[in-house]
Structures are given as C-alpha cells and as structure tokens.
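Thank you all for coming. Please have a look at the sequence and the model on the screen, and then I will take you through a few of the details.

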Amino acid sequence: VQLQASGGGLVQAGGSLRLSCVASGSIFSINAMGWYRQAPGKQRELVASITPGGSTNYADSVKGRFAISRDNAKNTVALQMSSLKSEDTAVYYCKMYVSSSRWSGVNNYWGQGTQVTVSS
C-alpha cells in the first residue's frame with residue numbers, strides 16, 4: 001500500500017490550501033484516515049482525523065479553520081485549510097489504517113509528507 005500526498009506550498013497568512021492524499025495498492029478497506037504535521041524541532045502531532053462514517057476530530061489549534069473529508073470510493077482524504085497562520089507551517093503527513101484483505105489485520109501507512117509554508 002502506498003500513500004501519495006499533494007497540495008502543499010507557500011501561502012500568505014490568511015490564505016487557503018487544500019491537501020490531498022490517495023492510497024493505492026492492495027486495499028480491501030480503510031478504517032480511519034488522518035492528517036498529521038511536524039514543524040521543525042517539534043514532535044509530529046495530529047491535525048485531524050475522520051472515520052469511515054465521517055466522524056471527525058480536530059486539534060484545538062485548527063478547529064474552525066481546517067476541514068477534513070474523505071472519498072471512500074476513491075481511497076482519498078483531503079484537508080481544506082483556511083485562515084492559515086504562520087504557526088501552521090510544517091510538513092503535513094497523511095495516515096491511513098488499511099486492511100489488505102478480508103482476513104488480514106489492520107496496518108497503518110504514512111504518506112511521504114508535503115511542505116506547507118505560511119508567510120506572515
């Protein structure tokens with residue numbers, strides 16, 4: 001299973017970006033999907049997650065500004081980021097919990113990371 005993230009870039013404070021992540025390979029089902037970020041010198045932290053049924057969870061720092069969504073038919077997860085702040089600058093990673101067959105367990109997979117830089 002491979003995850004490919006895209007959509008990062010440089011944006012001014014107050015602007016918007018949309019990140020996308022698509023999974024490919026041997027996929028039977030995908031449980032939770034999420035986005036994490038890691039700023040220089042800091043630990044990786046959860047930004048947002050979404051269940052197969054669409055229940056979402058957000059870090060307090062992004063509530064009301066970011067929105068996570070998923071397309072189960074396309075094995076994709078997206079993160080719409082608005083009202084961006086300089087403190088949102090980080091490498092963003094997608095993560096998915098994937099079963100490769102009806103009889104296999106769940107493994108977690110990470111995307112390669114995409115840089116988001118917010119200039120003030």
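Predicted model: local features only at pLDDT ≥ 70, side-chain atom pairs only at ≥ 80, totals over all residues.

Because Cys21 belongs to strand S3 and Cys94 to strand S9, the pair ties together parts that are 73 residues apart in sequence. Are these two cysteines buried or exposed? Both Cys21 and Cys94 are buried.

Let me turn to the nonpolar core. The largest one has 30 residues, and those touching the most other members are Trp35, Val77, Leu79, Met81, Tyr92 and Met96. Among the elements that give two or more residues to this core are strands S1, S3, S4 and S5, while S9 provides the largest share, namely five residues. If we follow Met81 and leave aside its neighbours within four places in sequence, we find it in contact with residues including Leu17, Leu19, Phe66, Tyr92 and Val116.

Finally, consider Ser29, which is found in strand S4. Its relative accessibility is 31%, so Ser29 counts as partly exposed. Not counting residues up to four places away in sequence, Ser29 touches Tyr97, Val98 and Ser99. From Ser29 to Lys85, by contrast, the C-alpha to C-alpha distance is 35 Å, and the two are 56 residues apart in sequence.

Definitions and conventions: Residues numbered from 1 in each chain as written. Heavy atoms only, no water. Core = buried A, V, L, I, M, F, W, Y, C linked by side-chain atoms within 4.5 Å. Buried < 20%, exposed > 50% of the residue type's maximum accessible area, 1.4 Å probe, protein only. Helix = DSSP H or I, 4+ residues; strand = E, 2+ residues; numbered from the N terminus. Contact = heavy atoms within 4.5 Å.
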